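Trainee: I would like a close look at a single part of this protein. Please take me through it step by step.

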Amino acid sequence: MTPGRKSDVTMAIIDKVSPKKIFWPIVSAGAALGLLLSWGVLSGDQQGRVNLIYLLFLYLFLPTLSLLVSLLSIAGGRGINLARLVVALPLWSQETKSLLRRNHQLKLDKYWLLMQSQAAAVAFSLVSLLVFFVLLLVTDINFVWRSTLLEAIDLLPLLKTVSGLWWFWPEAQPTLALLQATQDSRLVSGSGDASVYASWWPFILATQIGYSLLPRTVLLLLARRWCITRAESDLDV
């Protein structure tokens, strides 16, 4: 068989086992999770107050931690991610089960599931951004933060470190004055200037893009490339 003909056959087999195609049920699970969590947190309390620390957990700590777990597990073992949990559910058709078996036989499942997990994470981020923009347009979100143990001066270094990724956007940089003005307490009334509570939105937007959407998009493209390269390597042997 000529090299060109062999390459054509290899690519035909790769297309058949679908290592580069997105599995939409997994992506839908990520989108649904983004909708539920973002709507729940961004809706705030009865007064429309949204806790900044909750948003940091949702758009900074959770994406960063899950990204590290995915990278570490893919380097050392089978991989732990949302996609693996979803495909483990006993509700898929025989066609889907057959696809999963073929990927496993070709030793593509780890990379394929990593790709699907990143696609789900991108969907999570996009839906979260959509919810964020919709609520900014139709409601007046008051961003506050609460802590019994932390003061504004304690939180500022962390936020400064986080916002170093977008040093070129002054409006998205946290300041001590903003932290002090938006600290919320059940015993002390807030600032008289209501507009100050909306001033966190550029920081929240930049956090979502910088720590959730962009890293997951890059890893999605890399995972897709790894999956195709692994399939070509195994089939050419």
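Trainee: Which residues form the nonpolar patch on the surface, and how much accessible area do they have together?

Mentor: Start with a caution. This is a predicted model. Its mean pLDDT is 80, and 70% of the residues reach 70 or more. Helix H7, residues 152-163, has the highest mean, at 95. Helix H1, residues 3-17, has the lowest, at 46. Over residues 8-17, pLDDT stays under 50. For that stretch the model has 19 contacts beyond four places in sequence.

Now the patch. Leu33, Leu37, Phe57, Phe61, Leu62 and Leu158 form it. Together they have about 500 Å² of accessible area. Next, look at where they come from. Helix H2 (24-42) and helix H3 (52-76) each supply at least two of the residues. H3 gives the largest share, with three.

Take one member, Leu62. Leu62 is in helix H3. Its relative accessibility is 33%. Buried would mean under 20%, and exposed would mean over 50%. Leu62 therefore counts as partly exposed.

Now turn to Ser38, which sits in helix H2. Its relative accessible area is 0%, so Ser38 is buried. What does Ser38 touch, leaving aside its neighbours within four places in sequence? Its contacts are Ser43, Leu58, Tyr59, Ser128 and Val131.

Leu62, from H3, is partly exposed at 33%. Ser38, from H2, is buried at 0%.

How values were computed:
Residues numbered from 1 in each chain as written. Predicted model: local features only at pLDDT ≥ 70, side-chain atom pairs only at ≥ 80, totals over all residues. Heavy atoms only, no water. pLDDT = per-residue confidence, 0-100. Helix = DSSP H or I, 4+ residues; strand = E, 2+ residues; numbered from the N terminus. Contact = heavy atoms within 4.5 Å. Patch = residues over 30% accessible without salt bridge, like charges linked within 9 Å, V, L, I, M, F, W, Y side chains within 5 Å. Areas by Shrake-Rupley, 256 points an atom, 1.4 Å probe, with all protein chains shown as cover. Salt bridge = Lys/Arg side-chain N within 4 Å of Asp/Glu carboxyl O. Buried < 20%, exposed > 50% of the residue type's maximum accessible area, 1.4 Å probe, protein only.
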